[in-house]
Amino acid sequence: MCKECGCGLPSEAMSADDAHPHDHDHGHAHAHDHPHDHEHPHSHTHGHSESGLDQALPTGSGVRRTLEVRRAILDQNDRRAERNRGFFKAKGLLVLNVLSSPGSGKTTFIQRTIQSLAGRLQCGVIVGDLATDNDAQRLRVTGAPVRQITTGTVCHLEAEMVARALGQMDLTGLELLVIENVGNLVCPASYDLGEDLRVVLLSVTEGEDKPLKYPPLFQSAHVVVISKTDLAVVLAGDRDLALANLRRVVPQARVFETSAKTGQGLEAWSEFLAGQHRAFKAQGPFVV
């Protein structure tokens with residue numbers, strides 16, 4: 001998958017606004033906790049004892065060996081994510097990681113969320129995109145502090161990218177940090193950013209079967225937001241089927257049905273976030 005989606009290629013433009021490239025080494029094939037369908041033309045070893053690859057493969061035609069990888073491929077990201085989580089807790093920041101396919105309405109939904117929370121929670125935003133800062137510019141009109149991460153060819157945000165963006169933000173007084181991930185239903189599912197709540201958007205324009213087609217992303221969600229509900233009538237969408245598919249794939253998630261255009265569901269969503277923040281401040285962990 002990485003070969004096709006581009007995240008296995010070296011990036012020429014990774015920044016938090018005009019920041020520096022991060023040390024995300026994609027110079028070799030690796031796993032993202034999702035299948036790689038391409039074959040490697042030759043066997044190789046990294047020689048890292050921490051990964052359990054202590055011995056080089058013997059040379060010779062047709063030799064195959066199975067090696068146990070003792071440490072998670074994403075272990076380094078997970079460690080950085082835990083440091084982020086500790087930092088967020090110390091700052092009193094409730095953090096959302098918002099994921100979806102491109103065009104699901106993430107940016108408009110976040111914009112309306114910030115506006116709906118005015119007077120209840122002070123919000124900041126980190127935006128991830130392969131190119132442009134268009135979404136960041138749209139969100140800045142809310143008055144919230146916004147930081148752009150331009151990932152270049154990388155199809156997801158990583159904990160280290162978020163940490164660097166945080167270093168360029170004034171977090172004074174913020175209570176809610178929204179991370180708008182890169183639009184992608186595959187790779188972002190594997191990367192913990194240190195968030196408290198993972199929020200996945202499902203637009204009615206995408207069809208009712210997306211949870212069945214992309215189960216890892218939906219299974220990782222604490223909350224699923226069905227967006228663009230105002231278009232359901234026009235598209236003859238099957239609401240009951242969409243909800244049934246969500247219950248089948250991610251029964252534990254809270255579901256909100258919303259329309260950024262009409263405002264449907266936004267008050268319930270905002271009150272939920274305010275309640276989450278109260279619980280977060282009172283006892284630390286969130287309560288879904």
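## Legends to close-up views of a predicted model

View 1. Residues are numbered from 1 along each chain as its sequence is written, and side-chain values use heavy atoms, with hydrogens and water left out. The buried residues of α2 are N77, A81, N84 and F88, buried meaning under 20% relative accessible area, exposed over 50%, and partly exposed in between (1.4 Å probe, protein chains only). Seen down the axis of α2, these buried residues fall within an arc of 60°, so they line one face of the helix; the arc is that of the directions from the helix axis to the C-beta atoms. An α-helix has 3.6 residues a turn, so residues three or four places apart point the same way. The face of α2 turned away from the buried side carries the exposed residues Q76, K89 and A90.

**View 2. The length of α2 and the residue that follows it.** Helix α2 comprises 17 residues (residues 75–91), which at 1.5 Å a residue should span 24 Å, and its end C-alpha atoms are 24 Å apart, in agreement with that value; the expected span is 1.5 Å times one less than the number of residues in the helix. After α2 comes G92, whose phi is positive, near 70°.

View 3. The 18 residues of α10 should span 26 Å at 1.5 Å a residue, and the end C-alpha atoms of α10 are 26 Å apart, which agrees. Buried residues in α10 are L266, W269, S270, F272, L273, A274, Q276, H277, A279 and F280. For H277 the relative accessible area is 6%, and, leaving aside neighbours within four places in sequence, H277 is in contact (heavy atoms within 4.5 Å) with G92, L94, L121 and E175.

**View 4. The largest nonpolar core.** This core has 28 residues, and those with the most contacts inside it are L96, L176, V199, V225 and W269; a nonpolar core is a set of buried Ala, Val, Leu, Ile, Met, Phe, Trp, Tyr and Cys residues joined through side-chain atoms within 4.5 Å. At least two residues of this core are supplied by each of β2, α3 (106–116), β3 (123–129), α4 (134–140), β5, β6 (197–203), β7 (223–227) and α10. The element that gives the most to this core is α10, with five residues. Leaving aside neighbours within four places in sequence, L176 is in contact with L93, L94, L96, L117, L121, Q122, C123, G124 and L273.

**View 5. D129 in strand β3.** D129 is found in strand β3 and, at 17% relative accessibility, counts as buried. Not counting residues up to four places away in sequence, D129 touches D135, Q148, I149, T150, T151 and V182. D129 and E180 are 51 residues apart in sequence, yet their C-alpha atoms are 8.6 Å apart in space.

**View 6. Cysteines C155 and C187.** The sulfur of C155 has its closest cysteine sulfur in C187, at 3.3 Å, too far for a bond, a disulfide being a pair of cysteine sulfur atoms within 2.5 Å. C155 counts as buried at 5% relative accessibility. A search of the whole structure finds zero disulfides.

**View 7. Two loop residues with positive phi.** K228, in the loop between β7 and α8 (232–235), has phi near 60°, a positive value in a residue other than glycine, and at 25% relative accessibility K228 counts as partly exposed. A236, in the loop between α8 and α9 (239–249), likewise has a positive phi, near 55°, in a residue other than glycine, but at 65% relative accessibility A236 counts as exposed.

Conventions:
Predicted model: local features only at pLDDT ≥ 70, side-chain atom pairs only at ≥ 80, totals over all residues. Helix = DSSP H or I, 4+ residues; strand = E, 2+ residues; numbered from the N terminus.
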